[in-house]
Amino acid sequence: MMDKLNVFLKPLVPFLAVAYSVAVIYVTALPVAGDNLGLGGELLTWLLTLAGIVLTLFLVGRVEPKMFPTAGRFPLKLPKISLVAGLLLIAPLWLVVEGYIVYGITSLAHSIQMEPLAYTTAELREDLLSSVHAVLLAPVLEELCFRQMAISPFRRRGAQIIVCVVMAVLFGILHVRNFPGAFLSAIVYGLVFIWSRNIWCGVALHAGRNLAVTLLMLYSWLGLGDMQMTKIPVIFLPDSKVILASVVLAVVGVWVIKWKR
């Protein structure tokens with residue numbers, strides 16, 4: 001009976017994962033919706049997200065492997081610190097590459113009006129507050145939901161990649177105006193998860209990418225360089241100094257990963 005149920009449920013897993021993800025993300029976003037902004041709303045969002053992470057860890061760590069034994073091939077154990085550190089260092093280069101890919105693809109459809117990236121102190125303070133969630137919490141919850149929960153039940157590599165693409169489309173749709181960038185990033189995070197069989201590698205790359213965005217906000221606010229951006233879709237085009245720094249960090253990141261292998 002259980003085998004028949006598994007055969008029926010497995011094709012639905014990606015869509016069940018998305019339904020669960022939307023519900024959890026909607027609940028965590030409620031405190032900062034509308035006029036309920038500020039530190040109090042952010043703190044409540046952090047607490048709700050932590051609760052969502054704990055619940056999701058229980059589902060993917062205890063419940064899902066019992067229903068789909070294949071999911072046990074993707075354990076939740078932490079990887080080597082050197083691998084996490086290396087991926088964090090590589091992440092800024094991915095942000096740069098993502099921006100230019102999205103810019104190139106979007107330019108084929110219509111002209112893009114880029115604007116200088118500028119922040120007032122008030123805008124920076126608000127964005128820095130929300131970046132705590134974007135760097136430390138959101139990547140964990142999103143990777144658990146959109147990658148671990150959706151991909152791990154499938155044994156064949158081809159099926160895993162297909163699910164990865166499906167989840168990337170759905171992940172992009174949820175990010176609305178940032179669909180191209182979110183879709184591309186989700187593909188990368190999914191492939192990293194499939195390759196490493198460890199969700200924390202994707203979390204590290206995801207968190208590093210979001211951290212790079214935060215650092216670019218500070219870079220722009222301090223007037224250290226010229227950044228260009230557009231909001232629909234979200235595209236960051238850094239100056240040559242940022243590009244050079246991201247390449248250097250990526251080289252160091254690859255060295256750290258290989259050196260400590």
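Which backbone oxygen does the side chain of T49 reach? I looked it up: the oxygen of T45, at 2.7 Å.

**Ground rules.** I'm working on a predicted model, where local features need pLDDT of at least 70, side-chain atom pairs count only at pLDDT 80 or more, and totals for chains, interfaces and linings use all residues. Residues are numbered from 1 along each chain as its sequence is written, and side-chain values use heavy atoms, with hydrogens and water left out.

**T49.** I found T49 in helix α3, residues 39-67 (helices are DSSP runs of H or I, at least four residues, and strands are runs of E, at least two, numbered from the N terminus). T49 counts as buried because its relative accessibility is 1% (buried is under 20% relative accessible area, with a 1.4 Å probe and protein chains only). I then checked its contacts (heavy atoms within 4.5 Å): leaving aside neighbours within four places in sequence, T49 touches T28, H133, L137 and L141.

**β2 and β3.** These strands run antiparallel, joined by 4 bridges (strands pair if DSSP finds at least two bridges between them). A hairpin through 2 residues links β2 to β3, and I see Q228 opposite L237 in β3.

Next I asked which residues cover the faces of β3. V234 and F236 sit on one side, I235 and L237 on the other, and all are buried. In a regular strand, side chains alternate between the two faces of the sheet.

Notes:
Buried < 20%, exposed > 50% of the residue type's maximum accessible area, 1.4 Å probe, protein only. Polar contact = N/O pair within 3.5 Å; in protein donor to acceptor, adjacent residues only side chain to side chain.
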